[in-house]
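This briefing sets out selected computed features of one protein chain. Please keep the sequence and the coordinates at hand while reading.

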Amino acid sequence: MNDVFELRSADAAGRIGELRVPRSDTVVETPALMPVVNPNLQTISPARLENEFGAEICITNGYIISQSDYREEVLSKGLHEFLDFSGAIMTDSGSFQLAEYGEIDVTSAEILDFQYRIGSDIGTPVDIPTPPEAGRERAADELATTQDRLESIQDVDTGEMLVNAPVQGGVYTDLRERAARDARATGLDIHPIGAVVPLMNAYEYGKMVDVVAAAKRGLGSNSPVHLFGAGHPMMFALAVALGCDLFDSAAYALYARDDRYLTVRGTERLSELEYLPCECPVCVAHTPDELRAMPDDERETRLAEHNLHVSFGELRRIKQAIRRGDLLELVEARARGHPAMLDGYRALLDHADQLEAEDSASKDAFFHLSAESARRPEVRRHHERLARLSVDGDILLTEGDTNAAYDESWRVVPPFGPFPRALSETYPLTAEVPERLDDPAYESAASGVAKLVAANPATEFTLAHRNWPERALETVPDRVRCSPLESMDEYEERGEGEP
């Protein structure tokens with residue numbers, strides 16, 4: 001792999017990075033949105049995308065250009081002059097057309113050479129997007145063909161043009177992981193995860209998360225990742241938390257053409273809106289009635305502008321969350337906006353161990369917001385540390401204060417469980433936790449107790465808790481004395497110490 005990607009900040013598996021694009025002499029800050037530019041139908045011109053919306057990179061279809069009447073014009077002028085865009089330009093190869101229509105009249109080597117000759121900054125070979133409904137045998141066969149095509153382009157002269165190595169494999173996570181390892185081994189530059197659009201269109205975000213997590217395991221943490229076709233702002237935070245860096249959006253224009261209005265909670269139809277719930281220039285300057293009264297072309301443009309403002313705004317919000325270290329809180333907020341997104345968030349937490357390997361160990365705050373918070377990587381990390389701690393004597397684990405009759409009095413805070421009081425001001429044990437906790441928080445704390453007890457078989461432990469639910473107490477080892485804090489007579493007779 002060329003040394004084109006540099007990490008700047010990270011939270012969960014999400015990261016802010018810099019993608020160096022040598023052919024256009026540009027640096028793209030990731031996560032980044034690549035608006036799709038259709039050369040035949042430009043709802044918003046590439047120049048406006050760059051100058052008004054701040055797009056540093058866009059994507060267009062090299063195959064469509066190769067088959068068009070203006071092919072020679074693009075070859076003569078170059079893609080940047082033709083589109084009037086000075087940032088980085090990625091070109092697609094025709095794989096979408098292959099999936100839609102069954103065949104295209106070009107090889108990977110031919111289309112990659114064409115992309116190079118028109119001045120593309122990031123080129124793409126022809127891969128085979130395997131749909132989710134495909135059986136395993138078909139997925140494996142098509143993956144083998146994609147890999148053959150990646151090998152077939154090794155001798156194509158691409159100069160300083162970066163080259164994509166797509167990751168396919170259908171919904172089979174072992175195939176995705178293997179495909180990702182093979183794609184990484186090619187030494188190519190960027191890794192698009194393909195054929196996820198059908199999953200997103202069907203709101204199967206849980207399956208999408210599993211597919212991306214598998215690809216990330218094969219790619220490792222240093223590879224720039226493009227989630228192909230992921231253009232709706234409602235899922236950007238989830239995808240970034242998984243470790244995706246680039247998103248291409250045709251949705252801003254396609255939805256506008258259908259009078260649909262994007263939000264971070266989903267999609268609204270203009271016909272059903274009485275108010276515009278947004279602060280972008282379009283929404284501040286117009287009412288729904290005024291938009292509906294516009295001529296079709298003008299209304300489409302205004303809606304596309306709004307959709308872009310929402311999309312770019314969400315990515316800025318995500319970057320700030322990464323800087324603050326509260327990306328997962330933003331993911332959870334987005335997950336509460338739609339049941340399918342909640343499935344995606346829960347699937348993300350199924351991979352908490354994978355996230356923990358890249359997650360920062362020091363942040364500003366941990367907010368316990370729901371039952372899912374007990375499954376976050378920070379909690380997993382704390383439990384693993386408990387399993388390595390050594391402690392002797394008679395130890396009180398308590399949600400209350402210290403007690404001098406015990407050799408040590410450790411604090412217990414759901415969902416983390418026990419920890420020495422000296423760590424009370426360290427992240428994530430400074431967590432903001434509601435008084436009315438859900439059962440999984442107590443169950444997670446009990447798991448932490450079990451980890452500590454298992455690591456110290458000769459130590460005596462007493463747990464003084466505030467009426468933990470029975471299911472949580474069942475997780476606590478039998479040799480731990482458990483008593484509700486308010487009714488622990490021996491605790492009160494010995495007297496509480498200072499906090």
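In which loop does Asp-25 lie? Asp-25 lies in the loop between strand 2 (14-21) and strand 3 (26-30); helices (H or I, at least four residues) and strands (E, at least two) are DSSP runs numbered from the N terminus. The model is predicted, so local features need pLDDT of at least 70 and side-chain atom pairs count only at pLDDT 80 or more, while totals for chains, interfaces and linings use all residues. Residues are numbered from 1 along each chain as its sequence is written, and side-chain values use heavy atoms, with hydrogens and water left out.

**Overall dimensions and composition**

- The chain has 22 helices and 18 strands, and its C-alpha trace spans about 90 × 55 × 40 Å along the principal axes.
- Of the 499 residues, 58% count as buried; buried means under 20% relative accessible area, exposed over 50%, and partly exposed in between, with a 1.4 Å probe and protein chains only.
- Among contacts (heavy atoms within 4.5 Å) between residues at least 6 apart in sequence, 67% join residues at least 24 apart.

- Strand 5 (residues 57-61) is mostly covered, with five of its five residues buried.
- Both of its faces are covered: Ile-57, Ile-59 and Asn-61 are buried on one side, and Cys-58 and Thr-60 on the other.
- Strand 4 (residues 32-37) pairs with strand 5 in the parallel sense over two bridges; two strands pair if DSSP finds at least two bridges between them.
- Thr-60 in strand 5 is the bridge partner of Val-37.
- From strand 4 the chain crosses through helix 1 (residues 46-51) to strand 5 in a right-handed β-α-β crossover; right-handed means that, with the strands pointing away from the viewer, the path from the first strand over the helix to the second runs clockwise.
- Strand 5 also runs parallel to strand 6 (residues 88-92), to which five bridges join it; here Ala-88 in strand 6 is the bridge partner of Ile-57.

**Helix 10 and the segment after it**

- Helix 10 (residues 205-219) has 15 residues and should span 21 Å at 1.5 Å a residue, which agrees with the 21 Å between its end C-alpha atoms; the expected span is 1.5 Å times one less than the number of residues.
- Twelve of the 15 residues of helix 10 are buried, so the helix is largely enclosed by the rest of the structure.
- The buried residues of helix 10 include Tyr-205, Met-208, Val-212, Lys-216 and Leu-219.
- Gly-220, with a positive phi near 80°, follows helix 10.
- Pro-224 is found in the loop between helix 10 and strand 10 (225-227), and at 1% relative accessibility Pro-224 counts as buried.
- Pro-224 and Phe-419 are 195 residues apart in sequence, and their C-alpha atoms are 37 Å apart in space.

- The 17 residues of helix 20 (residues 439-455) should span 24 Å at 1.5 Å a residue, and the end C-alpha atoms are 25 Å apart, which agrees.
- Among the buried residues of helix 20 are Tyr-442, Glu-443, Val-449, Leu-452 and Val-453.
- The cover over the buried residues of helix 20 includes helix 19 (377-386), strand 14 (394-398), strand 15 (408-413), strand 16 (417-419), strand 17 (460-465) and helix 21 (470-475).

**Second largest pocket**

- The second largest pocket holds about 410 Å³ of space, a volume being the space filled by probe spheres set on grid points joined across faces, edges and corners.
- Of the 19 residues lining this pocket, Arg-411, Val-412, Val-413, Pro-414 and Val-433 lie nearest its centre.
- On a 1 Å grid over the protein atoms alone, a pocket is an open set of points where a 1.4 Å probe fits, with protein on both sides within 12 Å along at least five of seven lines; lining residues have an atom within 4 Å of a point.
- Strand 15 gives the most to the lining of the second largest pocket, with three residues.

**Backbone features in loops**

- The peptide bond from Pro-414 to Pro-415 is cis, with omega near 5°, and Pro-415 lies in the loop between strand 15 and strand 16.
- Tyr-427 and Pro-428 are also joined by a cis peptide bond, with omega about 5°; Pro-428 is placed in the loop between strand 16 and helix 20.
- Asp-25, a residue other than glycine, has a positive phi near 55° and is exposed, with a relative accessible area of 71%.
- Asn-467 is not a glycine, although its phi is positive at about 50°; Asn-467 is found in the loop between strand 17 and helix 21.
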